[in-house]
Amino acid sequence: MSEPDAVLATPFRQRAERALHDDFLQQALTIATTKFIDLRRQAFREFPEGDALRDRARAIKEATLQRLDRYVDQLVDNVERLGGHVHFAASADEARDIVVEIGRRAGARMAVKSKSMATEEMHLNAALAAAGITPVETDLGEYIIQLAGERPSHIIAPAIHKTKGQVAELFERELGRAVPADPEALTRVARAELRDKFLQADMGITGANFAVADTGTIVLVTNEGNGRMVTSLPRLHVAVMGVEKVIPSMTDLMVFLAILAKSATGQKLSSYTTLVRGPRGAGESEGPQEFHLVLLDNGRVRQIAGPLREALSCLRCGACLNVCPVYRQIGGHAYGYTYPGPIGILLTAMLNGPASVKDLAHASSLCGACADACPVRIDIPRMLVELRTEVDEQRIAPWSERVVFKTFAALLGRPALFRLAAPVSRVLQRPFADGRRIRRLPFFFGRWTATRDLPAVAPRTFSERWIELEDGR
Amino acid sequence: MTAAGAGSRSPRVSLLITCLGDMFYPEVGVGIVRLLRRLGVSVDFPKGQTCCGLPLFNSGYRAEAAAVATRTVRLFRDAESVVVPSGSCAWMVKHEYPGLMPDAALRDEATALAGRTHELSQFLVHVLGRTEFESAVKGRITYHDSCHLLRGLHEAETPRAILRALKGVEFVELAGADECCGFGGSFSVRLPEVSTSILDRKLASVEATGARCVVACDAGCLMQMSGGLSRRGSSVRALHLAELLGDAAT
């Protein structure tokens with residue numbers, strides 16, 4: 001799936017730099033990520049079972065991936081038995097066409113949506129609009145983003161990059177009414193706007209946090225109740241999810257629910273956990289008349305046996321974004337693709353191939369905070385390093401970089417040459433050294449010294465001093 | 001006292017100085033040698049050391065890192081214990097070396113080496129059983145957790161135990177001590193603006209403590225933090241743990 005060329009036309013380093021200079025973004029990111037980090041930490045502190053449940057959750061995901069075909073078959077059988085329709089989409093394009101076609105056939109004019117990254121991945125909204133079906137995002141954050149004509153910058157908090165002041169300005173501009181920059185007042189306005197849409201819409205579109213194979217249940221974890229409205233008011237409900245979201249049983253679901261909201265927002269549970277089983281049944285008075293489940297592959301299935309397999313366990317909680325020092329500085333948009341942050345880099349590689357993350361694979365200090373926060377303990381840094389290796393081996397990395405590293409490697413294998421590095425550096429650094437520090441260096445080295453001093457190579461290295469130390473023993 | 005310290009024979013340590021330690025911070029290495037000797041440990045320094053290979057490994061040059069790792073394993077073959085003054089390099093040896101070896105025999109050797117290799121603060125506390133040292137500095141200090149020592153080797157306690165026990169030193173916790181300083185090896189020059197922005201956040205926290213120095217157990221973090229502190233003309237210093245212990249500073 002191609003991303004907006006306008007964003008990717010700017011190199012990543014410049015996109016990141018622009019984000020660093022966006023004061024609103026910096027303010028919004030610091031407040032929100034700090035709050036998420038504290039809430040998550042607090043939630044697990046009060047939940048000593050958490051650690052063992054995280055291991056259990058990961059084990060369930062691994063076991064499910066082992067037999068994914070079987071669980072998907074079981075899910076399909078159960079959804080169909082309940083009167084629903086199941087569609088397989090090999091690519092994002094295919095999934096988009098399927099959803100649009102379902103809406104068109106049903107004569108839908110307006111689709112209300114609850115938050116779904118899968119539909120972002122397939123750029124569904126533009127396709128719906130082009131087909132004459134007006135998409136309306138009903139999650140508050142998504143609603144804000146849609147009004148602004150932007151894309152989500154966080155997996156669970158799509159408008160995390162906006163301050164409340166910016167949202168108030170946006171509402172005034174787009175809705176034509178002055179609203180104070182107060183979250184409660186802003187929410188009240190959005191709720192009033194959305195209430196009409198829920199009643200008008202003839203199509204409801206959701207993602208799915210989980211799909212339970214042995215019952216055919218689609219599970220939505222939300223906080224605003226919009227998921228419930230989207231799945232019960234319109235006459236047609238379409239759920240879109242990556243195939244890896246299937247889990248075996250309701251018992252397994254309990255394990256995930258126990259850790260998902262804690263990791264995401266620090267809540268014990270989200271305000272709403274919506275369980276959907278097929279369309280309205282005979283004798284039932286509520287629910288859609290028609291239910292469709294679209295199972296999206298888009299590069300996922302091949303990773304069951306691929307280097308990014310671990311990433312298929314992701315619950316999309318966003319915890320790794322909140323703790324990532326890079327994400328906290330640059331926000332989600334700078335990454336340039338649907339999924340930002342550490343896990344986003346892996347998902348981008350999964351969906352778009354390793355060449356797409358040539359730069360992003362390096363957008364991490366490998367500090368490990370992501371793996372530490374991940375509810376299912378995905379070793380994100382390990383896979384980032386593997387992507388870097390792939391970028392090197394497939395000759396995607398710039399040749400100059402490859403030469404530098406291979407020369408460095410050759411030097412490290414030859415101690416006699418390596419020992420010369422110090423005296424040579426001492427000569428070369430002479431014009432730049434100010435005592436034991438260097439304030440300015442030319443060429444590539446200026447990338448360090450533009451903002452930081454560099455220690456000068458010592459007058460005598462440890463190796464050079466060892467001779468006398470050895471004597472002194 | 002634990003096993004190595006209680007034996008009849010004095011423990012022997014081979015120092016893995018690390019590339020940054022060798023070139024930029026030789027006084028830290030000298031201090032460690034003197035410190036260990038004062039504690040009755042005999043120290044040697046196997047010749048031919050270059051670098052642990054972590055910069056190559058982290059940048060994705062796996063085969064090249066494996067070659068460096070293999071020669072380092074051979075170099076420390078006879079070492080009783082290996083002490084490393086950087087959490088990241090210690091992590092590399094302990095965590096990644098075995099998986100990088102070309103054959104089973106070397107893998108066994110690397111696994112054994114991993115077990116005998118210790119980050120400095122862990123060696124002092126866990127192997128020698130020592131937390132009390134003479135203090136080379138006075139006043140308020142704070143501590144930055146290096147990512148690899150904290151999340152790689154799961155160690156938050158040994159450096160703090162040592163720092164808390166220093167006489168004449170007031171140890172204060174750093175807000176966000178567990179957050180990265182922004183170094184990240186080549187990350188610091190691939191995305192220098194982001195790296196510096198992360199550093200600025202760290203240094204603001206350091207300055208807010210009112211400490212006169214921030215201590216770390218990793219040459220990478222020290223290079224990053226001291227580079228930033230020096231550039232902003234701060235009087236706060238970034239010091240290696242060893243520089244605080246006894247006459248370590250020369």
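Guide: Chain A has 22 helices and 13 strands. The model is a predicted one.

Visitor: How much of chain A is buried, and what extent do its C-alpha atoms have?

Guide: Of the 473 residues in chain A, 49% are buried. The C-alpha atoms of chain A fill a box of roughly 95 × 55 × 45 Å along the principal axes. Take the chain A contacts between residues at least 6 apart in sequence: 73% of them join residues at least 24 apart.

Visitor: What makes S5(A) and S6(A) a pair?

Guide: Two strands pair if there are at least two bridges between them. S5(A), residues 210-212, and S6(A) have 3 bridges, in the antiparallel sense. Phe210(A) stands opposite Val219(A). The hairpin of S5(A) and S6(A) has 4 residues between the strands, and Gly216(A) there takes a positive phi near 70°.

Visitor: Which strand is joined to S6(A) by 5 bridges?

Guide: That is S9(A), residues 272-276, running antiparallel to S6(A). Val276(A) in S9(A) is the bridge partner of Ile218(A).

Visitor: Why is H4(A) called oblique to H13(A)?

Guide: H4(A), residues 50-66, and H13(A), residues 250-264, pack at an angle of about 125°, with axes 9 Å apart. That angle makes H4(A) oblique to H13(A), because roughly perpendicular stops at 115 degrees and roughly antiparallel needs over 145. The crossing of H4(A) and H13(A) is left-handed.

Visitor: Which residues of H4(A) and H13(A) meet?

Guide: From H4(A), they are Gly50(A), Leu53(A), Arg54(A), Arg56(A), Ala57(A) and Ile60(A). From H13(A), they are Asp252(A), Val255(A), Phe256(A), Ala258(A), Ile259(A) and Lys262(A). By class, this contact has 7 nonpolar, 1 polar and 4 charged residues.

Visitor: What makes S11 and S13 of chain A edge strands?

Guide: Start with the sheet. It is open, with 3 strands in the order S11-S12-S13 of chain A and antiparallel pairing. S11(A), 433-434, and S13(A), 454-455, each have a single partner strand, so one side of each lacks a neighbour in the sheet. S11(A) pairs with S12(A), residues 437-438, over 2 bridges. Ala433(A) stands opposite Ile438(A) in S12(A).

Visitor: How many residues does each chain give to the contact between A and B?

Guide: Chain A gives 50 residues and chain B gives 51. The chain A side that touches chain B divides into 27 nonpolar, 10 polar and 13 charged residues.

Visitor: What makes S6 and S8 of chain B edge strands?

Guide: They belong to an open sheet of 4 strands, in the order S6-S5-S7-S8 of chain B, with parallel pairing. S6(B), 169-172, and S8(B), 237-240, each pair on one side only. The twist averages 35° from one strand to the next. S5(B), residues 139-143, and S7(B), residues 213-216, pair in the parallel sense over 3 bridges. Ile141(B) stands opposite Cys213(B) in S7(B). Helix H13(B), residues 219-231, packs on the sheet and touches S7 and S8 of chain B; its direction makes about 160° with that of S8(B).

Visitor: Why is H12(B) called roughly perpendicular to H13(B)?

Guide: The axes of H12(B), residues 192-208, and H13(B) come within 10 Å and cross at roughly 75°. That makes H12(B) roughly perpendicular to H13(B), because the label covers 65 to 115 degrees. Leu199(B), Lys202(B) and Leu203(B) in H12(B) meet Gln224(B), Met225(B), Gly228(B) and Leu229(B) in H13(B). The contact divides into 4 nonpolar, 2 polar and 1 charged residues.

Visitor: Is Asp108(B) buried or exposed?

Guide: Asp108(B) sits in helix H7(B), residues 104-116. Asp108(B) has 12 other C-beta atoms within 10 Å. Exposed means 12 or fewer, so Asp108(B) is exposed.

How values were computed. Residues numbered from 1 in each chain as written. Chains lettered and ligands numbered in written order. Predicted model: local features only at pLDDT ≥ 70, side-chain atom pairs only at ≥ 80, totals over all residues. Axes fitted to C-alpha atoms, helices over the stretch in contact; angles between N-to-C directions. Contact = placed C-beta atoms within 7 Å. Parallel < 35°, antiparallel > 145°, perpendicular 65-115°, else oblique. Left-handed = near helix turned anticlockwise from the far one by under 90°. Nonpolar A, V, L, I, M, F, W, Y, C, P; charged D, E, K, R; others polar. Buried ≥ 20, exposed ≤ 12 C-beta atoms within 10 Å, placed from the backbone.
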